[in-house]
Amino acid sequence: MIDILENEHTFHLSMQQTSMILHVLPSGHLVCLYWGKKVYGQDFQYIIQDIKRASYLSDTDGILDFKLEQMPLSYPAYGNPDMRTPSFMLQYYDGSRVSDFRYQSYHIYHPKKKLDGLPTVLHPDSEVLELHLYDHVQQVEMILSYTVFADYDAVTQSVELINHSCKVLQIDKIMSACWSFLDSRYESLTLTGAWGRECHIQHNQIQQGTFLLDSKRGASGHGQNPFLALSSLNIQENEGEVFAMNLVYSGNFEASIEVDMHQNTRMMIGINSFDFSWQLDQNESFMTPETVLIHSSHGLDEMTQRFHHLYQDCLLPPRFAHTLKPILANNWEATYFHFHQKKLLSFIENASQLGIELFVLDDGWFGQRDNDQTSLGDWTVNEKKLGCSLHDFAQQVKQKGMKFGLWVEPEMVSLQSNLYQQHPDWIIAVNNRQPQIARHQYVLDLSREDVQNFIIQSMNNLLQSASIDYIKWDMNRNITDLGSLHLPITRQKELNHRYILGLYHILDELTQTFPHVLFEGCAGGGGRFDPGMLYYMSQMWTSDDTDAIERLDIQTGTSLLYPSIVMGCHVSASPNHQVGRKTSLLTRGVVAMQGNLGYELDFTKLTDDEKRTIQQQITDYKKIRDIIQLGEFHRLLHQPNEYAWMHIYKDRIVVGYVIKLVKANTVPKRLKLKYLKAKSLYYVVTTNDIRSGSELMNIGLDLDRPKEDFYAQQWIIEKRSH
Ligand code: GLA
């Protein structure tokens with residue numbers, strides 16, 4: 001609900017348990033009054049009237065002691081007279097860069113509409129507050145849109161700029177969301193890492209100065225998720241406050257926290273202003289991607305629940321958001337590029353006998369692709385390798401009772417490919433410079449309409465050529481040598497953003513034409529695991545690192561924001577291909593069952609024992625998959641040596657536990673559960689015990705005495721009484 005207070009100058013975005021309050025000052029500047037646990041009241045202006053005035057700051061509008069620089073501004077401009085980091089930067093035709101937007105009017109409507117060309121969080125009960133601002137000197141309009149998802153305790157923010165002047169305007173920076181706090185006693189919370197080590201949780205105390213997290217790689221990146229939060233010091237799972245921003249965008253982004261000299265904090269997130277600008281002609285408008293803003297007053301778990309519910313209900317493709325995902329077998333780590341029909345058919349036969357539901361043929365099935373040096377862009381099947389047409393191959397998979405899926409990397413072109421021979425100008429490159437090659441491939445210039453159409457057409461042909469149920473859409477290199485041979489000189493800095501808009505257009509077309517196809521997003525693992533891609537693709541390959549122990553940190557971090565139903569998690573071979581670690585099939589299975597279970601090992605080389613164990617795992621997972629994919633996920637432990645988590649769905653619970661290194665002569669501890677009903681009785685299926693919720697939460701489940709390092713346990717529990 002949106003309450004309008006104080007002579008229509010205060011807007012209270014009121015949710016189930018959260019309030020966000022914005023206010024228009026008499027000068028027409030917008031300020032953030034409050035964001036936090038729900039408050040009730042009619043008059044909130046005192047929050048800023050209490051600000052103690054500092055010296056040496058400019059007065060605003062010539063009013064003594066009206067110092068804008070001390071105000072918690074909602075969407076601050078540059079240099080008039082706030083000298084902190086602005087949320088946008090414009091350059092006008094006369095060379096000036098100072099903007100002065102003042103409030104004009106508001107507009108409330110529901111439900112929210114899809115943002116043109118951009119992924120959007122949508123719900124029929126959402127309500128939108130638009131605040132219209134205007135710069136009279138430059139004749140530019142700004143619309144700040146805040147959408148309230150009251151039942152989800154979430155707000156999304158986006159910003160639109162409209163050029164009403166007859167002169168060209170250059171946007172150098174335009175954030176999607178900004179919030180100002182009159183305090184700095186916080187830590188930053190980020191999800192950082194690298195290829196194979198995505199989404200590690202990182203806490204840092206903030207201090208005077210600016211902290212910047214960004215990606216310049218052309219994708220949101222392995223190194224940092226487009227997420228930034230402020231939290232109370234030493235935030236816990238169930239205690240402390242969090243203010244979180246997650247950008248619904250898949251390209252270069254920046255997120256910053258600035259603590260000023262008076263211990264006020266400003267946090268913002270949006271398209272990276274580094275190497276960005278956008279030319280806005282007369283009557284044109286620019287819309288930023290949107291940001292999800294979520295507050296929790298009960299620690300990380302509450303934040304997680306809010307993100308998970310919002311994303312599962314309002315962001316994921318509705319057709320797949322609440323539909324159980326098939327258990328897949330992928331041949332990548334089993335064969336890499338080296339396969340032929342006989343090998344694949346034997347793999348498929350074995351996989352189907354063990355209960356696998358979807359076979360995914362990974363890289364190497366097209367063109368002349370026997371290694372990573374050739375054929376990206378030539379999306380025609382290599383019949384020599386498959387021994388038949390793609391259509392007939394898919395039929396053979398279907399005959400085994402499985403669905404059929406395929407790997408593609410349509411945004412790329414190999415140097416050795418027909419496509420590159422025909423269209424050398426279609427790549428991202430700077431005129432007169434030889435672009436850098438990475439994994440022997442170039443990036444196609446998705447800002448071009450002809451390139452977009454080519455990708456749509458070639459994927460259309462492919463998807464029509466055989467019965468394909470699933471696509472793994474990969475993107476395996478950073479975008480370097482930023483230059484487009486078709487954009488004019490003045491628009492070269494638009495390339496990164498235009499690339500992402502082009503990608504979204506392609507995905508829009510393909511997902512609408514083939515609504516039944518399950519898309520899994522991948523960028524060398526989790527290099528583009530972000531809410532933007534989740535709007536089109538209901539599953540993500542979480543990381544190329546398939547080691548169960550490495551996955552503990554990766555999946556724990558990912559779980560902070562993204563629900564289990566989107567996380568692709570595979571059981572792979574031991575020793576593991578990335579780190580050489582040996583782990584049991586039990587441990588690999590327990591960890592992979594934190595999300596969508598899949599297998600990525602050679603089914604033709606399994607011992608009878610391994611076959612039996614895998615068959616049992618698959619049978620077990622089918623019984624609990626609804627709990628994992630449709631239930632609520634909670635982290636119980638994530639300390640360096642021990643990890644535990646639980647999924648709850650209706651009256652059933654699955655609990656997972658892993659210890660990394662075993663110590664001698666220690667007494668096994670117990671694992672305390674959470675979120676149960678104290679007086680209800682629960683049947684622990686795994687150990688055949690009946691326990692009350694209060695016992696399970698306060699005394700806990702028995703842990704085994706681990707017999708080896710990397711030991712795992714899993715429990716299935718059913719509620720028996722109310
Ligand atoms: C990327 C993916 C892998 C695999 C290879 C194929 O690295 O993340 O899972 O598909 O490409 O080349």
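# Buried residues, aromatic pairs and helix packing

Ser 145 is in contact with Val 128, Leu 129, Glu 130, Thr 156, Gln 157 and Ser 158, leaving aside its neighbours within four places in sequence; contact means heavy atoms within 4.5 Å. The model is predicted, with local features needing pLDDT of at least 70 and side-chain atom pairs 80 or more, while totals for chains, interfaces and linings use all residues. Residues are numbered from 1 along each chain as its sequence is written, and side-chain values use heavy atoms, without hydrogens and water.

Ser 145 belongs to strand β8 (residues 140–149); strands (E, at least two residues) and helices (H or I, at least four) are DSSP runs, numbered from the N terminus.

Asn 264 sits in the loop between β16 (253–259) and β17 (265–271). The relative accessible area of Asn 264 is 8%, so Asn 264 is buried. Not counting residues up to four places away in sequence, Asn 264 touches Gln 70, Arg 84, Phe 181, Leu 182, Asp 183, Glu 258 and Val 259.

Asp 508 is part of helix α10 (residues 495–513). Asp 508 is also buried, at 18% relative accessible area.

| Residue | Location | Relative accessible area |
|---|---|---|
| Asn 264 | loop between β16 and β17 | 8% |
| Asp 508 | helix α10 | 18% |

## Aromatic pairs

The count comes to 30 aromatic pairs, with rings of Phe, Tyr and Trp (its six-membered ring) paired if their centres lie within 6.5 Å. One of them is formed by Phe 366 and Trp 407, stacked at 6.0 Å centre to centre with 15° between the planes; planes under 30 degrees apart count as stacked, over 60 as edge-to-face and the rest as tilted. This pair links distant parts of the chain, 41 residues apart: Phe 366 is in the loop between β22 (358–361) and α6 (383–386), and Trp 407 is in strand β23 (residues 403–408). Phe 366 and Trp 407 are both buried.

One aromatic cluster is formed by Phe 347, Phe 359, Phe 393, Phe 404, Tyr 599 and Phe 603.

## Helix packing

Helix α5 (residues 341–354) packs against helix α14 (residues 608–630) at an angle of about 55°, and their axes are 8 Å apart. Axes are fitted to C-alpha atoms over the stretch in contact, and angles run from 0 to 180 degrees between N-to-C directions. Helices α5 and α14 are therefore oblique to each other (under 35 degrees is roughly parallel, over 145 roughly antiparallel, 65 to 115 roughly perpendicular, the rest oblique). On the α5 side the contact is made by Asn 350, Gln 353 and Leu 354, and on the α14 side by Lys 611, Ile 614, Gln 615 and Ile 618.

For helix α12 (residues 548–559) and helix α13 (residues 585–592) the packing angle is about 15° and the axes are 9 Å apart. Helices α12 and α13 are therefore roughly parallel to each other. Ala 548, Ile 549, Arg 551, Leu 552 and Gln 555 of α12 make the contact with Thr 587, Arg 588 and Val 591 of α13.

How values were computed
Buried < 20%, exposed > 50% of the residue type's maximum accessible area, 1.4 Å probe, protein only.
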